[in-house]
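I am opening a new page for the structure shown here, and I want to write down what I looked up, one topic at a time.

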Amino acid sequence: MRECKIVSRKFEIPNSHTLAVAKAHGAYEAMQMMKEYSPLEIIQIIKDANLRGKGGGGASAGEKWELMPQNSEKPSFLAVNCDESEPGTFKDRQIISKDPHLLIEGILLTCYAIKAKHAYIYVRGEYKQYQDVLQNAIDEAYDAGLLKECDVTIHRGAGAYICGEKTALLESMEGKRGHPRLKPKQKEPEWFFGNPTLVNNVETIASVPFIVQNGAEAYREYGTEKSPGTLLFAMSGHVNKPGVYEAEFGTSMMEYINHYGGGIKNGKKLKALIPGGVSCGVLTAAECENLTLDYEALRNARSSLGTGGMIVMDEDTNMVEALKNILEFYHEESCGQCTPCREGTGWSDKLVGKILDKKATKEDLDKLLEIADTMNGKTICVFAPAVSAVIVSFVGKFRGEFEAVVSESKE
Amino acid sequence: MSFTFTDENLAKIKELKKRYPSPEALCLPCLWMAQRQDGFIKIDAIDEISKHTTLPPMEIYRVATFYTMFTLSPYEKLNVQVCKTLSCKLCGSDAILERLKSKDVNVTHVECLGSCGTAPVMQINDMNYENLTPDKVDSILEELS
């Protein structure tokens with residue numbers, strides 16, 4: 001397996017979060033290249049590299065940047081999404097705590113390309129200790145005169161999963177509840193107080209310096225044709241060495257788990273795996289066998305790559321309990337704006353609880369799938385469709401286990 | 001429950017106002033400052049924040065009750081937040097919760113804290129305590145008391 005370190009290059013270096021150490025290891029070198037290009041040329045490089053958003057969606061970053069007006073009368077903004085709340089995902093915190101200057105450099109390059117004068121970093125409230133490291137780095141950058149043309153401000157969240165959805169994030173920054181906005185019919189930028197705004201994930205922005213400095217071709221050296229580059233994949237759950245390890249797209253899933261994760265804990269067998277945060281459909285061990293880690297392969301397996309944060313479950317895992325745990329999360333985190341989501345998450349959570357309490361009937365299992373169907377495609381954002389897909393994948397792939405628990409019911 | 005921002009926070013608010021296109025954006029930052037000042041958000045703080053953000057008090061109340069990290073009543077004891085989401089659950093958060101039952105603290109079950117690779121985890125006063133075992137919980141709480 002080829003080692004590749006584009007974003008994680010400085011992670012192992014002691015004190016790499018300080019400006020002096022980061023600079024000694026090449027930070028802000030891409031800034032010198034920047035002035036050789038026009039903003040539109042930078043956007044073209046990002047498009048040529050086919051950099052895809054690393055927050056879960058995988059949409060083309062360059063195409064998103066192109067939507068930003070180059071000659072706007074209103075000010076343009078960049079909002080960096082560090083609301084990392086998807087269970088199983090803990091990669092952005094590595095960037096802001098171990099190499100914050102890489103993010104700041106990426107922000108400067110991005111702001112130059114989209115002609116923004118102010119960038120906000122929306123950091124989830126629970127990350128205060130990492131946010132402090134990032135704030136120190138920003139202060140250092142101000143003192144060193146690096147932020148003359150562009151301001152950077154941290155905006156602290158306060159514990160709402162949905163604020164990772166880009167429009168909910170902007171609502172939250174505007175001082176409101178984190179309710180996702182209706183999507184426009186045509187492609188357009190996002191809006192922050194009516195001003196054109198670009199929202200990108202931390203890791204997406206942190207990938208920009210490498211691409212600007214080394215060119216699109218150097219980035220495309222890694223990964224597959226359709227999913228170029230690398231991702232900070234992560235593992236948690238029943239593996240020997242959980243953690244974040246950068247790998248190129250197209251890496252074999254099992255090789256990754258065995259090489260970096262040291263295999264399944266206690267010599268057990270793999271039973272199931274959730275590939276990219278709990279919002280992705282669960283995979284059985286058999287499905288994982290020949291799978292590669294890229295957007296296309298995971299989509300073909302009727303799941304999704306998501307954030308690349310894999311949750312590994314061994315042979316002793318009770319899948320009904322696992323689904324209950326996930327549904328409790330969604331029940332708690334639904335923003336409550338759309339009825340199918342607000343009611344559906346609670347209802348399905350209660351139903352699986354009923355199954356676990358051995359008070360369910362066979363009809364309840366069908367009812368669960370019926371609720372899942374009602375939640376799919378009828379809401380403002382993709383929260384409810386994700387819950388729906390999770391329920392269908394768990395019940396569909398482990399139906400025997402669910403039926404066995406149901407059959408133990410008293411009535 | 002009268003409330004006024006400290007001079008230090010008033011200076012911060014003034015500084016932050018320059019950094020946003022509209023004062024409504026100060027809603028979350030002001031709520032954080034109010035909570036930090038008193039340990040919880042006093043109801044009178046909402047009127048005060050309304051003046052700085054131009055948002056109606058009801059809107060600020062709506063926001064304060066939406067986000068789980070804001071509290072409108074004080075914690076009587078040390079607040080220990082334990083992550084109960086999947087990775088922590090798989091790695092033994094139940095045993096952590098069990099051990100905490102015997103402690104004189106306020107235990108809150110929270111959703112994913114973003115420490116899945118170092119599970120199980122609990123958060124006390126914005127600090128993460130990772131790779132927990134029941135015995136580690138004992139020593140951490142002893143140190144904090």
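**Entry 1: the sheet in chain B**

I began with strand β1 (residues 79-83) of chain B, which pairs with β2(B) in the parallel sense over five bridges. Before going further I noted that I am reading a predicted model. Looking for one pair of residues in this pairing, I found that Val80(B) has Val107(B) as its bridge partner in β2(B).

I then followed the sheet as a whole, and it turned out to be an open one of four strands in chain B, ordered β2-β1-β3-β4, with mixed pairing. Which strands stand at the edges? They are β2 (106-110) and β4 (127-129) of chain B, and each has a single partner strand, so one side of each is left without a neighbour in the sheet. I also noted that neighbouring strands of this sheet are turned against each other by 30 degrees on average, direction ignored.

**Entry 2: the domains of chain B**

The domain assignment divides chain B into domain 1 (7-66) and domain 2 (79-144). I looked up the separation of these two domains of chain B, and their C-alpha centres lie 30 Å apart.

**Entry 3: where the chains touch**

Here I found 36 residues of chain B in contact with 49 residues of chain A. On the side of chain B that touches chain A, the elements giving two or more residues are α2 (27-38), α4 (57-66), α5 (86-90) and β4 of chain B. The largest share of that side comes from α5(B), with four residues. Sorting the residues of this side of chain B by kind, I wrote down 20 nonpolar, ten polar and six charged.

**Entry 4: chain A as a whole**

Chain A holds 18 helices and twelve strands. Its radius of gyration is 22 Å, close to the 22 Å that the globule rule gives for 411 residues, so chain A is as compact as a globular protein of that length. Along its principal axes, the C-alpha trace of chain A spans about 75 × 45 × 35 Å. Buried residues make up 55% of the 411 residues in chain A.

**Entry 5: one glycine in chain A**

Last, I turned to Gly250(A), which sits in the loop between β7 (243-248) and β8 (251-252) of chain A. Why does Gly250(A) count as partly exposed? The reason is that Gly250(A) has 17 C-beta neighbours inside 10 Å, whereas a buried residue needs 20 or more and an exposed one has 12 or fewer. Leaving out residues up to four places away in sequence, Gly250(A) touches several others, among them Gly223(A), Ser227(A) and Asp294(A).

Note on methods:
Residues numbered from 1 in each chain as written. Chains lettered and ligands numbered in written order. Predicted model: local features only at pLDDT ≥ 70, side-chain atom pairs only at ≥ 80, totals over all residues. Contact = placed C-beta atoms within 7 Å. Pairing = 2+ DSSP bridges. Axes fitted to C-alpha atoms, helices over the stretch in contact; angles between N-to-C directions. Nonpolar A, V, L, I, M, F, W, Y, C, P; charged D, E, K, R; others polar. Domains from an automatic or database assignment. Rg over C-alpha atoms; globule rule 2.2 N^0.38 Å.
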